[in-house]
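User: I've got a structure here and I'd like to talk through a few spots in it. Could you take my questions one at a time?

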Amino acid sequence: MKIIFSIVLFVYLTVAGITVLANVSEKPFVIPELKEWKGEAGNFIPSDDARIVCPAGDQELLRIARLFAADYAEMFGRTLKVVSEKAAKGDFVFALRKDKSLGKEGYTIKITERVTVTAPEYIGVYWATRTLLQMAAQAQNQQLPRGVVRDFPDYALRGFMIDCGRKFIPLSFLQDYVKIMAYYKMNTFQIHLNDNGFKQYFEHDWSKTYAAFRLESETYPGLTARDGYYTKQEFIDLQKQAEACFVEIIPEIDVPAHSLAFAHYNPELGSKEYGMDHLDLFQPETYTFLDALFKEYLGGEQPVFRGKRVHIGTDEYSNKEKDVVEKFRYFTDYYIRYIESFGKQACVWGALTHAAGSTPVKSENVLMNAWYNGYADPVAMAKAGYHLVSIPDGLVYIVPAAGYYYDYLSIGYLYENWTPAHVGKVVFDEKAPAIAGGMFAVWNDHVGNGISAKDIHNRVFPALQTLAVKMWTGKQLVIPYKQFETKRHLVAEAPGVNIAGKLRNEPGLVYEQAVVSPGYELPYREIGYDYRVTFEVEGADEPKGTELFRSPDAVFYLSDPIRGMLGFARDGYLNTFSYPVLKGKKMTIAITGNCEQTCLYVNGELVETLNKQVLYFNEGKDKMSYVRTLVFPLQKAGNFKSRITNLKIYQE
């Protein structure tokens with residue numbers, strides 16, 4: 001009997017145990033993925049009057065709580081009151097608590113009948129709020145699984161660099177990317193403020209080659225690009241926005257190569273021997289000019305460059321002659337020390353293997369972007385004392401539609417294989433002290449290639465989601481790539497941000513309107529890839545420039561300003577179909593668009609496809625791809641005379 005009873009009891013307990021285990025909450029999916037999760041049974045249900053409870057008098061913690069409350073309201077339409085009272089069931093509780101094992105940015109979240117967030121420093125509390133928002137967005141009624149999170153990054157610097165020099169990137173885009181980066185715990189945003197195109201696309205004439213410097217300058221009136229720039233106050237405000245959500249902006253003025261904008265302003269600065277995009281390192285005026293330029297943004301009690309770091313470029317200068325190499329090394333050392341004289345840490349692109357010489361270059365407390373091992377051997381640079389940012393060009397460089405490097409990063413390979421310890425073919429130990437962290441970059445090398453800011457986002461966002469994981473969790477693979485690739489689509493860009501113009505995740509009809517009157521305002525700003533917009537039109541005599549719809553980013557024309565055809569404009573590019581709307585003619589128009597092309601259908605028949613063109617230069621010796629894509633604008637109807645009916649918008 002005892003044996004039978006024991007067997008029955010064992011079976012009962014085993015079955016009961018399985019039942020208990022089955023009720024334990026599964027690990028939530030967030031990006032970057034959680035380092036540690038201990039699940040418990042049940043869910044946290046925010047109360048109808050849920051609050052965020054913080055210690056009285058801790059102004060920074062209260063500020064973070066208010067940011068969380070604002071994002072929560074934006075995403076879920078629920079108001080969380082911030083208080084300094086006793087916590088109750090259904091509340092969120094924020095507090096600082098020492099824990100050396102979590103490092104500077106780590107945090108703990110304990111989810112029971114309330115949610116308790118603790119961290120050694122404020123940044124950890126803020127990162128925890130990003131985790132909570134992502135978890136709540138994937139749950140029904142913002143319920144959270146009960147359990148304990150312990151999360152901390154492997155790498156301190158987790159970044160993205162964007163080239164605003166060759167293509168102007170609107171301020172609103174940068175503002176949105178600050179929010180996106182913060183949502184994914186990416187803490188470093190390098191903004192490349194000047195650069196130039198390749199002269200073979202501009203008649204091999206430096207004076208005609210596109211170049212731009214994107215900051216307002218009072219020291220050198222006329223230096224600032226006329227086709228797009230940021231005022232000093234705008235750039236200050238952008239940095240303040242970033243600081244508020246623990247993202248550091250590193251401004252970059254790239255010298256002494258990639259510097260044609262300065263030679264356009266003053267031709268005496270350009271090198272007659274190595275190209276006008278190279279500054280003349282032997283010309284005293286070069287130093288006078290750059291000293292004053294950097295001082296404009298670094299001097300004074302409230303400098304334009306607010307952060308702790310400033311990037312001075314220093315890549316891809318000629319190394320043909322020994323005296324030039326030594327002068328380049330002198331120049332690099334000079335501006336490292338000049339930046340430091342304003343209390344900033346200097347950042348450089350790795351070039352000192354390419355420019356090997358005897359002239360000393362300061363390495364202590366200098367941050368070096370390790371981008372190509374032929375230019376800067378990472379082992380030698382680490383031995384010399386540089387702190388390295390892993391940004392290997394052969395793995396993490398996006399150059400849209402250029403045909404080299406990557407149009408879209410190989411995110412599957414990166415997810416499974418890369419960490420910041422991998423600098424090209426050199427592999428350091430994980431979390432090696434010489435590796436400060438990692439970045440990826442988008443370079444707009446091909447000036448005039450039709451790429452829009454929306455197209456850049458289409459390339460950058462999946463890379464950012466993926467690399468946010470690899471810079472936070474390092475070598476630890478939390479889930480297989482195929483599972484990650486499916487789940488990452490469940491996570492939005494950021495609270496209140498929708499650069500892609502996604503109106504739903506599933507295909508189908510998004511919006512319809514029986515009659516569209518002139519000036520009518522739609523509830524949507526735009527619709528992104530992949531879409532289909534259809535409408536019926538009874539044509540009128542429309543003057544050139546008549547708009548059907550516009551948004552802040554694009555215009556779709558019933559009659560374009562040049563030819564009077566159906567067409568669209570965005571990012572300074574005008575693309576037209578060879579098809580007009582004619583007076584008195586009735587037809588059904590459909591526009592479809594994806595990340596490769598834009599198509600026009602009339603009465604169900606494909607009329608024209610605007611896809612990638614190849615532009616030839618120099619009698620066919622050089623070529624460039626030209627992209628004709630459109631995120632379709634919807635925000636406001638134009639002042640047209642035609643009758644527009646039966647508008648239907650599909651997300652495909």
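User: Let's start with Glu 248. What does Glu 248 touch, leaving out residues up to four places away in sequence?
Analyst: Keep in mind that this is a predicted model. Glu 248 sits in strand β12, which covers residues 248-255. Leaving out residues up to four places away in sequence, Glu 248 touches Asn 187, Thr 188, Phe 189, Lys 308 and Arg 309.

User: Is Glu 248 buried or exposed?
Analyst: The relative accessible area of Glu 248 is 15%. The cut-off for buried is under 20%, so Glu 248 counts as buried.

User: Which side chain makes a polar contact with the side chain of Glu 248?
Analyst: Arg 309 is one of the residues that Glu 248 touches. The two side chains make a polar contact at 2.8 Å, so to the buried Glu 248 the partner is Arg 309.

User: On to Thr 629. Where is Thr 629 found, and is Thr 629 buried or exposed?
Analyst: Thr 629 is in the loop between β34 (622-626) and β35 (632-633). Its relative accessible area is 0%, and anything under 20% counts, so Thr 629 is buried.

User: Which residue's side chain is joined to that of Thr 629 by a polar contact?
Analyst: Residues up to four places away in sequence aside, Thr 629 touches a set of residues including Ser 452, Asp 455, Tyr 529 and Arg 570. A polar contact of 2.6 Å joins the side chain of Thr 629 to that of Asp 455.

User: Now the largest pocket. Which element gives the most to its lining?
Analyst: About 1100 Å³ of space lies in the largest pocket. The elements giving two or more residues to its lining are α2 (59-76) and α12 (453-472). With six residues, the one that gives the most is α12.

User: Last one: how far does helix α4 reach from its first C-alpha to its last?
Analyst: Helix α4 runs over residues 171-183, which makes 13 residues. Among its buried residues are Leu 171, Leu 174, Val 178 and Met 181, and α4 is followed by Lys 185, with a positive phi near 60°.

Notes: Residues numbered from 1 in each chain as written. Predicted model: local features only at pLDDT ≥ 70, side-chain atom pairs only at ≥ 80, totals over all residues. Heavy atoms only, no water. Helix = DSSP H or I, 4+ residues; strand = E, 2+ residues; numbered from the N terminus. Buried < 20%, exposed > 50% of the residue type's maximum accessible area, 1.4 Å probe, protein only. Polar contact = N/O pair within 3.5 Å; in protein donor to acceptor, adjacent residues only side chain to side chain. Contact = heavy atoms within 4.5 Å. 1 Å grid on protein atoms, 1.4 Å probe; cavity = no way out; pocket = protein on both sides within 12 Å on 5 of 7 lines; lining within 4 Å. Points joined across faces, edges and corners; volume = space filled by probe spheres on them. Expected span 1.5 Å × (residues − 1).
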